[in-house]
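User: I am new to this structure and would like to learn how to read it. Could we begin with the pairing of strands?

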Amino acid sequence: MSQLHVFFFPLMAHGHMIPTLEMAKLFTSRGVQTSIIATPGFVKPIENARNSGFNIGIHLMKFPPEKSELPDGITSLDQIISDDMILKFTKSLELLQEPVEKLLEEFRPDCLVADMFFPWATDAAAKFDIPRLVFPRNKLFFFMYFRTHEDL
């Protein structure tokens, strides 16, 4: 039996990348092969984790994608400064479906853990019979708090 391989696909924002990277590190420490689909603006934290001994794969994706209305150089939600840019950022996320599907087809991971801001990821993964899990990072704090304080 081959090693389980999980792809992680976080939203391009530090508040999404950091908990996703921590989850990938946890999976890796338990013997699961992990890869993160990332944009160039988020390679450094993954490389830092790799340099610390976590064998996490990186699959780079151009962002903003082709046909996006976002200006070049916008690589993160953290850089959005106007309502108009939020709409363009959201539309740009939809343009990532095709490149993600190409990665899924090429690498055939056992599972895709995608951010909740990629609703199309369910259909993309289903095309290749890959289960998709949603990572609702905003619930993580509450889970950790109540799990830590369940004896109260």
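Analyst: Two strands are said to pair if DSSP finds at least two bridges between them. In this predicted model, strand β1 (residues 5-9) and strand β2 (residues 33-38) are joined by four bridges and run parallel.

User: Is strand β1 mostly covered or exposed, and which way do its residues point?

Analyst: A residue counts as buried when its relative accessible area is under 20%. By that criterion five of the five residues of β1 are buried, and the strand is mostly covered. His-5, Phe-7 and Phe-9 point one way, while Val-6 and Phe-8 point the other way. For the protein of 152 residues, 43% count as buried.

User: How many cavities of 30 Å³ or more does a search of the whole structure find, and what lines the largest cavity?

Analyst: A cavity is space where a 1.4 Å probe fits but cannot get out. The search finds one of 30 Å³ or more, and the largest cavity holds about 50 Å³ of space. Its lining includes Phe-9, Met-12, Ile-37, Thr-39 and Phe-42. By class, nine lining residues are nonpolar, one is polar and none is charged.

Terms used. Residues numbered from 1 in each chain as written. Predicted model: local features only at pLDDT ≥ 70, side-chain atom pairs only at ≥ 80, totals over all residues. Heavy atoms only, no water. 1 Å grid on protein atoms, 1.4 Å probe; cavity = no way out; pocket = protein on both sides within 12 Å on 5 of 7 lines; lining within 4 Å. Points joined across faces, edges and corners; volume = space filled by probe spheres on them. Nonpolar A, V, L, I, M, F, W, Y, C, P; charged D, E, K, R; others polar. Buried < 20%, exposed > 50% of the residue type's maximum accessible area, 1.4 Å probe, protein only. Helix = DSSP H or I, 4+ residues; strand = E, 2+ residues; numbered from the N terminus.
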